[in-house]
Amino acid sequence: MASMTCRDFHHELDKWMDGERPANAQSHLKSCVHCGALVADLSAIQSEAETWDSLPSEPPERIWTALRTQLESEGLIEDPHPETPEPRSIGWWNDLFAKFPRPVLAGAYLAALVAFAFAMSGTRGNHVKDVKWLDGSTIVSSPLSAQLDSAEVATVASMRQPNSAVAASLHQNLAIVDNYIALCEKSVREEPENEAARDFLYDAYQQKADLLTQMSERGETGQ
Amino acid sequence: MSTTQTTLTPWQWKTATLIVPGLLICSAVSAGPKRQEQHFKVDAHPVITIHNPNGMITVKAWTKAEVMVISTPASDQVDVDAEQMGNRVDISTHAASQDVSSDDMRADYQINVPEDAELQIHDDSGEVNVSNVLGDMNVETIGAGVDLQDTAGYLTIKTVGGSFQCIRCAGQVEVSSISGSFKLVDLRSYHVHAQTSTGNILFDGQFLPNGTYRLKNYSGAIEVRFSPGDSFDLSAMSLRGTVNNQAALTPKAHPQHFYSKFGNSLFGTFNAGRAKVELSSFDGTINILKRD
């Protein structure tokens, strides 16, 4: 049996790690500290990699359940099985946001919603084909408008002192913005390719989101 | 047991009639709201934050390296806090008892600051007046009007229904409101962005070279005044309203604005077109008028 050098052993290393253990390789490994250390390291890496393989390749079901529940509660998707019982508590989701004040979340959410609508409806100022624009407009602005309306209901209900002068001013200005949203929506319906009308509409949405955030803050602070 | 009956002499009666009302007046005065004056030494570029639900806030610049706060709460049920954290002075109004309604949470402030101070002001209702402060400024109100004079820096003003007036302001101006009107007079700003829904906008200032001036509302009037020596590139569009123009504009060789298809619009260059002026309204009137 011919003795092995380190170089020979390195050439046979793949086979060794695959389980082939010829006698001359075993003999070399017994006498060579460097190759022994190399094999020990590779074995450790290999066994660690095997534990990774045993982990699920997709997030666990509870993640999808929580995400689905959240999207359904926000009206972004429909529950395919409305008769199913109440979803489990989505504690991790709540924990994630628990440290932020509600007005901050509301504002960030509404702002994100408007930004999302902007992004989805095409680049402002670009020529957009009517059909594409109409599709985009219908898909994007309807849920946005509905979301703002539902946010309005929740925010108005949360205001603690609805009769104060500040609250009266906020309500009055909310009515102004709502009026312009209605006018702009009408213009967009009449002239779907009119980007100026669309700009005014989204600005009005943005104003409403800002205003609802301010009202929400006052609901929280009681001012 | 014996009892003694004392009677007051005429002199004693006279003394009593003078002293007793005086004591009553003194006690009434001491029970009223307390005016407070505080001083804070600061370094360069201090930051002053003011949170006041209701009341008049007057801020003026002075040459001293200190902040002076004179506060007058509306009643004993309202407290005023002013404290220094490093180079920042935080001033706030809060309720001293739980019975105070939000409308009664009022305090007036008179504040002197170094002219390079940065201001952050929240005042829901009342009035905000700032003069000669050159640092950046952020003002947010609900119904309070905002009146700035001889200011500079980056000005960010946001109101819901409060009006905004800016006289001899420089730097950048960004102002938004829903029903507030804006009056921008003798401005020397290179960046002005003003947007309101139902308010009017008056711009009577300089169009600086390379400056951008964007004014937008839904209804109401937008009025811009220009001098013969001004130089700007103009786009004005009212979707449902009218555009009135007194400037002799050179039309663009290639109409590039997509908006021109809709509503009443006007595009052109006045002199060399160095500043950019964009005026837009949903159903309001836009007036571009010669300055008297």
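What is the torsion about the S-S bond of Cys166(B) and Cys169(B), and is the disulfide left-handed or right-handed? In this predicted model, the torsion is about -120°, so the disulfide is left-handed. The bond between Cys166(B) and Cys169(B), with an S to S distance of 2.0 Å, is the one disulfide that a search of the whole structure finds over all chains. Cys166(B) is buried, with a relative accessible area of 0%, and Cys169(B) likewise counts as buried at 0% relative accessibility.

In chain A, the sulfur of Cys6(A) has its closest cysteine sulfur in Cys32(A), at 3.5 Å, which is too far for a bond because a disulfide requires the two sulfur atoms to lie within 2.5 Å. Cys6(A) is partly exposed at 32% relative accessibility, whereas Cys32(A) is buried, with a relative accessible area of 10%.

Arg168(B), with phi near 55°, is placed in the loop between strand S11 (164-167) and strand S12 (170-176), and counts as partly exposed at 31% relative accessibility. Asp186(B), with phi also near 55°, is found in the loop between strand S13 (182-185) and strand S14 (188-196), and is partly exposed with a relative accessible area of 44%.

How values were computed: Residues numbered from 1 in each chain as written. Chains lettered and ligands numbered in written order. Predicted model: local features only at pLDDT ≥ 70, side-chain atom pairs only at ≥ 80, totals over all residues. Heavy atoms only, no water. Helix = DSSP H or I, 4+ residues; strand = E, 2+ residues; numbered from the N terminus. Buried < 20%, exposed > 50% of the residue type's maximum accessible area, 1.4 Å probe, protein only.
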